[in-house]
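Trainee: Please walk me through this entry, beginning with the terms and then going element by element.

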Number of protein chains: 2
Amino acid sequence: MAVKYKEIAECLERDIRDGKFDRAKKLPTEEELINNFKVSRNTIRKAINQLVNRGYVYQVQGSGMFLREKSVTDYINLGSLRGLTKDLTSKIIETKILELHVLDADEVIAKQLRCEVGAKLYYIKRLRIVDKEPFSIEISYFKKDIVPYLNEDIASNSIYSYLIEDLKLTIGFADKVINCEKIGEANARLLHVEPLDPALIIENTVCLTNGTIFELSKSVFHYQKAKILNRINFK
Amino acid sequence: MAVKYKEIAECLERDIRDGKFDRAKKLPTEEELINNFKVSRNTIRKAINQLVNRGYVYQVQGSGMFLREKSVTDYINLGSLRGLTKDLTSKIIETKILELHVLDADEVIAKQLRCEVGAKLYYIKRLRIVDKEPFSIEISYFKKDIVPYLNEDIASNSIYSYLIEDLKLTIGFADKVINCEKIGEANARLLHVEPLDPALIIENTVCLTNGTIFELSKSVFHYQKAKILNRINFK
DNA sequence: AAGTGGTCTAGACCACCGT
DNA sequence: CGGTGGTCTAGACCACTTC
């Protein structure tokens, strides 16, 4: 990460998390940050923009930059795709692999992944367990030509860390569709709820920076345990 | 709107919606846009940034700027707060006011709105009807010192248009919490579903640009009719 | 009036994609 | 290699808040 504005953003994000600005509820002025980090104003503003987009701070013209109310730690953060492990930091997260194998794309999946019917895919079904209780069921399809290898060990931890740090994939953007349904029998058993109870669903289509879709996933959440948080800005 | 980059962004957004780039699936290069609009590169890049954040396009270094797959029109867009009317453009939206009056903040609401207990609030309960069928129930609280006047007529249309265009409020950011529950009897009747059926819930806390909370709302959606879309970028 | 963020310009150099 | 985005700088002027 040789990029200045990202380094500054990370540095400030760490400071915010560490409560460094909690007294004042205010960040240093742009002027001060420019002097601290010895960069141009644009670079500082780009860094701050990241913090704004991530929901850490808001800016008031003529007044300053302020901390946003802390978000409770137990929400699934829609805006990040860092995964449960990073979202629910105060919890114990465990993962049980229910299925993991390579299969051929059928017509439905091929259309959604925008690939050939018959293309090789990794299929993974996982049960996520939070504080010893079942939390969600996640079904994922990865294009094998982009993710050539996966195993139980990787899938038991953060798949995304593996994709980014080991495979060096550059993840670009995603579409998330949220809705809710009556849960089916099999899933109900896994989540320890009754059949026909509500279930919160997130369907996720994820692309590399070059626009290629590489993953499709569907997560079914325990309706009493899962809450999704999204922070939005209008500028 | 005398701001160049916003004007350019709106212009390009219109062009995209009108399908102007559908053939190429590609936008003009920055160079070309600079010449078209006669502005500096930074200004063009700021405009494009808006399009990226709104999920219209993605950029590939060394290659160009491309259209993202069109999002289906029938989703609730989490990233905008333009309201149902603007999200579900292909639908007929009607609104029935169930309640509208001024009340005093109780302790729970006061804490959430960060105001005094007893502060005057507008309380509004609305039934939203899409294509002649009940779609959602929305309960909103507005601080009366910020929104001094509301009536059935305003609440029957887009409250946000009124706040922005008439009251000149500058909306800054919002926290949205999504979850799902078993629906209660009263709401079930209103939405034409069975009691204990699932319900998709969005709780919304909205702030002005200066950080003041001015609205709290809770929307209960018909579980079979509502789908939420969120487009995310990682940069 | 002073302080602080918002917009805009002009120009330089780097990094990546495709031919 | 040429084309295209990505990062960075330096400086000017404007708009809003605060006192």
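Mentor: Two strands pair if DSSP finds at least two bridges between them. Helices (H or I, at least four residues) and strands (E, at least two) are DSSP runs, numbered from the N terminus. This is a predicted model, in which local features need pLDDT of at least 70, side-chain atom pairs count only at pLDDT 80 or more, and totals for chains, interfaces and linings use all residues. Residues are numbered from 1 along each chain as its sequence is written, chains are lettered from A and ligands numbered from 1 in the order in which they are written, and side-chain values use heavy atoms, with hydrogens and water left out.

Trainee: How many bridges join β8 of chain B to β9 of chain B?
Mentor: Strand β8(B) covers residues 198-208 and β9(B) covers residues 213-222.

Trainee: Which strands stand at the edges of the open sheet of 8 strands?
Mentor: The order is β3(A)-β10(A)-β7(B)-β8(B)-β9(B)-β6(B)-β5(B)-β4(B), with mixed pairing. An edge strand has a single partner, so one of its sides is left without a neighbour in the sheet. The strands in that position are β3 (76-77) of chain A and β4 (93-104) of chain B.

Trainee: At about what angle does helix α7 of chain B run to β9(B)?
Mentor: Axes are lines fitted to C-alpha atoms, for helices over the stretch in contact (heavy atoms within 4.5 Å). Angles run from 0 to 180 degrees between N-to-C directions. Helix α7(B), residues 159-166, lies across β5, β6, β7, β8 and β9 of chain B, and its angle to β9(B) is about 160 degrees.

Trainee: Within what arc do the buried residues of α7(A) fall?
Mentor: Buried means under 20% relative accessible area, exposed over 50%, partly exposed in between (1.4 Å probe, protein chains only). The buried residues of α7(A) are A:I159, A:Y160, A:Y162 and A:L163. They line one face of the helix, because the arc, taken from the directions from the helix axis to the C-beta atoms, is 160 degrees.

Trainee: Which exposed residues does the face turned away carry?
Mentor: The buried side of α7(A) is covered by elements including α6 (152-156) and β9 (213-222) of chain A. The face turned away from that side carries A:E165 and A:D166.

Trainee: Is B:K125 buried or exposed?
Mentor: B:K125 lies in strand β5 of chain B. Beyond four places in sequence, its contacts include B:I97 and B:I137. Its relative accessibility is 16%, so B:K125 counts as buried.
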